[in-house]
Amino acid sequence: MISVTFPDGASRHFAPGVSGLDIAKSISPSLAKRTVAMVLDGALADLADPIVKDSKIEFVGREDPRALELIRHDAAHVLAEAVQALWPGTQVTIGPVIDNGFYYDFYKNEPFTPEDFPAIEKKMREIIARDAPFTKEVWSRDKAKSFFETKGEAFKVELVDAIPADQDLKIYKQGDWLDLCRGPHMTSVGKVGSAFKLMKVAGAYWRGDSTKPMLSRIYGTAFAKQEDLDLYIKQIEEAEKRDHRKIGREMDLFHFQEEGPGVVFWHAKGWRMFQELTAYMRRRLAADYDEVNAPQILDKSLWEMSGHWGWYSDNMFAVKSATAFLRPNDPDADQRLFALKPMNCPGHVQIFKHGLKSYRDLPIRLAEFGAVHRYEPSGALHGLMRVRGFTQDDAHIFCTEEQLETECMMINDLILSVYSDFGFDEIVVKLSTRPEKRVGSDENWDLAEAIMTRVLDKIAAQSGGRIKTGINEGEGAFYGPKFEYTLRDAIGRDWQCGTTQIDFNLPERFDAFYVAPDGSKKRPVMVHRAICGSMERFLGILIENYAGHFPLWLAPEQVVVATITNEADDYAHKVVEQAMGAGLRARADLRNEKITYKVREHSLAKVPALLVVGRKEAAEGLVSVRRLGSNDQTVMPAAQALAMLAKEATAPDLARR
RNA sequence: GCUGUUGUAGCUCAGUGGUAGAGCACUCCCUUGGUAAGGGAGAGGUCGAGAGUUCAAUCCUCUCCAACAGCACCA
């Protein structure tokens, strides 16, 4: 007999090989009926699986959060069956559960379109209504291979071949249809329920490899309850409303146009925010960094020296004089090839190298708001989030190995403090370790990873567990390990922004050195770090995070003084002047429009503070303050309102002083 | 870069093998109105670019460019 322990601590004895379903039935028929799966010793499993040893068991009902992935996974199988029923000859591949849903990749000559969804969903509902039980069989490799070969399922055959020899091949049947799958599944197809929806179609490479065939992927999502699905769809709509490309257009912050794919035209208001953000960052750096500026174009040879040309020339812009392009074979034309800088580090090494540096000078921290250009693949471009020309809040620290740990911690503290100033307090720091393709000795990698592991532990400990840490195995840069800082925005999306990278390679390549206390030449270590990462992208994140309702200090337009009647025009001008005197970005709206119209317009334009002035206010030196997002207003003396707003408009770092 | 979709006025979008329309925005006029759209008039487009088919192309075909979604990539 084996002992089975229940969540309440009670245990009972059963014959070995008893299934979860048997146990549930032995307790009560209704329990057996509402249970869709079990958690056996902490792992989700089929309810029909035999239990062969002493175990802890938990029954999982359909509404159990742990059942959600099963519902989605089962839905993926239903989707696959539906597609093969509607389009015989379509090959199935894989259909995993992902965040917020599932997908299934098919091989089909004609790709799907969203117009196919109603028919597929209808067929899915039929299959679900049939409520066939999921049954599992373990097949031999040969049986599985010949079965899928006979059916013409070449991709499945490849999957069978890829499964390690010591693993069972599991086949899940749902009525007549079956799929190779590691499971687990719920007891029957009907448990999927009706709260599912197909979301979109897309191409996707077989096995995620761009040299392999393109498959046709259908994304879907499923929930236990319709309310959950509705809520999810609402959240997607909310994210769409916050799309920085849309808000950027509506608020007149920036634009893109065809002649400049991936490069930003910053309008006055957007650039004001850019400047405000940059000014803030400069203040944060002032005490510890030296700001520098390195050239935009440098001879190709320098990029060969740095290694960038070898590693990344596919993603770099190269420039020549126009004459060289027009007369490529003319020896009298200057044919010299330059590259637009994709990174600031080589430039900073040149600055470091200029003149002898002593150990007394270290650490040297060179910062630059460096405009860089990278030839990103066209399909990667996305608003401000992925562009070809952007500004990094970059810095390179030249120091000794002994100083590394302190420098990493210092950077960490600055990054967390900056994020916190924007209200980002949920931060994850991950250490990316050595990748397969890399340069430098294993000795240096060992050293750098050891230091960074220590720092990572410190970060976690210092934050009292608030900052989550982790490791990304093999994800480091080719020249060294790195920390990646990921912040969570107001609607729960994660953005990787900051990074700290240790680099033994570049100083070596450029033969950078400092004079040690004993007079010998020593190689400095370089630390690359960025906080916002790309200023453009960080602004994009801020736009979406705040949904355009910026804190006053960042808002491009802080105050609009709107008149009710033109008798208040002179007074409005005076208030605007006073506001500007108080350091506020303010303007008057004297247009011949009703106040309701002006209120609506400035509300839609997301102006943080609207000061309405009419005859009464003009006569008594008052303003009627209406804040963005509020439907009421407060009448108060103009001076008082402006003092309040000016205080609120102080950047967080200045407010601390 | 790959797969698919899209490209018509500043924005959002209709539309047709016979060279175009709406709403909002814009300009002007009337209106001076107390917290989310007052009324009227007007101006504005080489229908993404190029080539082809046709008597005739914004519409059909091809190529290119760009955008969007996903994949791949992201020093």
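A residue counts as near a strand if one of its heavy atoms lies within 4 Å of it, and helices (H or I, at least four residues) and strands (E, at least two) are DSSP runs numbered from the N terminus. This is a predicted model, in which local features need pLDDT of at least 70 and side-chain atom pairs count only at pLDDT 80 or more, while totals for chains, interfaces and linings use all residues. Residues are numbered from 1 along each chain, chains are lettered from A, and side-chain values use heavy atoms, leaving out hydrogens and water.

**Stop 1: RNA strand B**

Select α19 (595–604): this helix gives seven residues, the largest share of the surface near RNA strand B. Now show the 53 residues around the RNA; I564, N592, R600, E617 and S624 come nearest.

Next, zoom in on two polar contacts (pairs of N or O atoms within 3.5 Å). At Y597, a polar side-chain atom lies 3.0 Å from a phosphate oxygen of RNA strand B. At G379, a backbone N or O atom sits 3.0 Å from a base nitrogen of the RNA.

**Stop 2**

Colour domain 3 (265–296 + 341–546) and domain 4 (559–655) of chain A; the bounds come from an automatic or database domain assignment. Their C-alpha centres lie 41 Å apart.

Which side chain meets R283 in a salt bridge? Select D653: the pair is 2.6 Å apart, N to O. A salt bridge here is a side-chain nitrogen of Lys or Arg within 4 Å of a carboxyl oxygen of Asp or Glu. Finish on helix α9 (residues 268–285), which gives the most to the side of domain 3 that touches domain 4, with five residues.

Notes
A polar contact is a pair of N or O atoms within 3.5 Å; within protein, one must be able to donate a hydrogen and the other to accept it, and residues adjacent in sequence count only if both atoms are side-chain atoms.
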